[in-house]
Amino acid sequence: MAGVFEERERDWRNGAVVYQVIVDRFAPSANLDAKRALYPAPKTLRRWDEVPVGNPELAPGTKITRHELDFWGGDLQSLRGKLDHVQALGADVLYLNPIHLGFTNHKYDSLDFQAVSPEYGTRDDVKALAAELKRRKMKLVLDGVFNHMGRNAPAFKQAESDPKAATRGWFVFGPQFPGGARTWKGVLNLPELNLENPAVRKHIWAARDSVVRSYLRDGADGWRLDTAYELGPTFLAELTAAAHKEKPGSLVVGEIVNHPGGWMPAMDAVMNFHWRTLLLGLVRGEIPVAQAGAMIERTIADVGTEPMLKSWLVLDNHDVKRLATELPDAAQRRLAQVLQFTLPGSPNLYYGAEVGMTGGDDPAQRGPMRWDLVDQAHPDLAWTKQLIALHQQHRALRVGDYRAATAGQLLAFERHTDRAADTVLVLVNPGDQPVTEQVQWRNGLMMDGNTLRDLLPPPAGSRPAVVGSGFVRITLPPRSARVLAPDVGTQGGYSVYKRVP
């Protein structure tokens with residue numbers, strides 16, 4: 001296996017820590033007065049201290065709900081001014097929700113993929129952001145919404161009004177569709193693109209000046225594909241090949257809410273919502289420990305380690321409740337986060353999670369960033385930095401293989417590489433009672449009598465964990481975890497690991 005892990009380390013996509021931002025909601029613009037004209041009625045520019053409130057009424061003259069037209073005024077320039085915060089967390093990748101020209105605040109209704117929404121800036125601002133991230137040794141991933149466009153897109157308006165328009169074949173029209181055209185899940189504002197039309201594929205990814213390839217030349221390092229399951233494996237494979245041709249080593253990660261098996265190599269990776277459901281169920285006691293362990297092993301076997309390492313492990317984002325709302329119990333929340341940063345994958349951190357931002361269903365989870373909470377003494381911020389440092393500093397957690405340890409009421413597993421010193425053992429008790437067990441550690445290189453190091457602060461009252469004949473006897477309080485590593489250092493010039501790679 002020697003060489004495999006070095007190869008993985010050379011690929012920035014493996015085990016990267018991803019920080020997700022909605023540009024409008026991340027950092028208030030310093031030029032807001034000059035920008036007010038960019039938010040004409042029925043759009044509303046909100047104060048930064050206001051929170052999003054759902055309003056299902058349609059704005060006059062649109063097919064858009066009112067809360068989709070509430071803005072907070074953030075832009076790419078103001079985002080650049082807050083990169084110190086993102087970098088100080090330890091993030092490797094900045095992922096932006098859609099920045100394409102769109103009428104709504106979420107921009108999933110693109111009017112022109114090649115243009116940046118003026119509320120956010122210009123293509124030059126994208127280039128400047130990418131250059132600044134590169135200077136910081138960070139990467140930029142953009143959100144590609146290539147299943148549909150907005151109903152007010154010129155390409156659609158022309159096609160709708162003129163059966164002979166050049167873009168008529170970009171969409172699917174017919175009396176069987178509400179509103180006269182096929183739309184995404186029946187949302188009238190989102191007519192679907194006809195990807196079977198070669199002209200559409202040429203525009204989006206096939207041509208050199210296509211959307212996918214031109215933004216990569218502007219400095220982007222990859223694409224997160226919205227509703228990737230709607231595009232299908234054949235077209236996803238074409239798009240991924242085009243991205244890799246334009247920028248070798250670029251990332252294509254798809255929004256796949258299904259089981260992730262079967263979607264690679266059409267893409268490099270998926271957003272691992274499957275494990276989000278698994279982890280939430282585990283820490284809530286809804287999925288038994290043994291079943292959760294089997295599901296984890298089965299997923300890795302179905303998908304493969306390489307795609308799993310590149311896949312984004314999501315606990316919350318702009319489409320689901322924020323983690324602090326989903327898991328108000330702090331102990332459960334921390335268990336889920338420990339697993340997010342120790343299981344194979346790339347942890348996806350939604351802006352504001354590091355300071356415990358709350359928010360329920362859409363649009364409440366999309367509130368403006370709480371900069372007033374950013375304080376080094378904030379317990380959630382300190383905890384998040386600990387988890388990121390743990391992940392970044394331990395090779396096995398970034399690029400290592402997974403192997404289950406054998407336990408009863410504990411979830412127990414290791415991450416390992418070709419070096420014994422890299423090994424990390426993770427033990428989790430999601431139950432509401434203390435558990436004492438002899439955990440079988442299925443790694444013959446873990447030496448008898450070795451006292452293990454805690455890589456995170458252990459629960460109060462914990463005793464040192466010692467390897468004995470391939471077992472680790474451990475007591476874990478309710479809703480707690482320990483993350484352990486072998487001590488391979490010398491004592492009096494002697495180490496039991498002296499001849500172990």
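Q: How much volume does the largest cavity have, and what makes a space a cavity?
A: The largest cavity has a volume of about 90 Å³. A cavity is a set of points on a 1 Å grid over the protein atoms alone, where a 1.4 Å probe fits but cannot get out. Volume means the space filled by probe spheres set on points joined across faces, edges and corners. By this rule, 3 cavities reach 30 Å³ or more. The model is predicted: local features need pLDDT of at least 70, side-chain atom pairs need 80 or more, and totals for chains, interfaces and linings use all residues. Numbering starts from 1 along each chain as its sequence is written, and side-chain values use heavy atoms, without hydrogens and water.

Q: Which residues line the largest cavity?
A: Among them are Ile 22, Asn 97, His 106, Tyr 120 and Arg 366. Lining residues have an atom within 4 Å of a point. The lining divides into 5 nonpolar, 3 polar and 2 charged residues. Ala, Val, Leu, Ile, Met, Phe, Trp, Tyr, Cys and Pro count as nonpolar, Asp, Glu, Lys and Arg as charged, and the others, Gly among them, as polar.

Q: Which helix gives the largest share of the lining of the second largest cavity?
A: H16 does, with 3 residues. Helices H14 (323–326), H15 (330–342) and H16 each supply at least two. Helices here are DSSP runs of H or I with at least four residues, and strands are E runs with at least two, numbered from the N terminus. This cavity holds about 70 Å³ of space. Its lining includes Asp 316, Arg 333 and Trp 383.

Q: What makes a space a pocket instead?
A: A pocket is an open set with protein on both sides within 12 Å along at least five of seven lines. The largest pocket has a volume of about 690 Å³. It is lined by 32 residues, with His 106, Trp 184, Asp 319, Asp 362 and Arg 366 nearest its centre. The lining has 14 nonpolar, 8 polar and 10 charged residues.

Q: Why are H11 and H12 called roughly antiparallel?
A: H11 (residues 273–283) and H12 (residues 289–303) pack at about 165°, with axes 10 Å apart. Angles over 145 degrees count as roughly antiparallel, so H11 and H12 qualify. Contact (heavy atoms within 4.5 Å) involves residues including Trp 275 and Leu 278 of H11 and Met 295 and Ile 296 of H12. The contact residues divide into 8 nonpolar, 2 polar and no charged.

Q: What is the peptide bond between Asp 362 and Pro 363, cis or trans?
A: It is cis, with omega about 10°. Pro 363 lies in the loop between S12 (346–350) and H16 (379–393).

Note on methods. Axes fitted to C-alpha atoms, helices over the stretch in contact; angles between N-to-C directions. Parallel < 35°, antiparallel > 145°, perpendicular 65-115°, else oblique.
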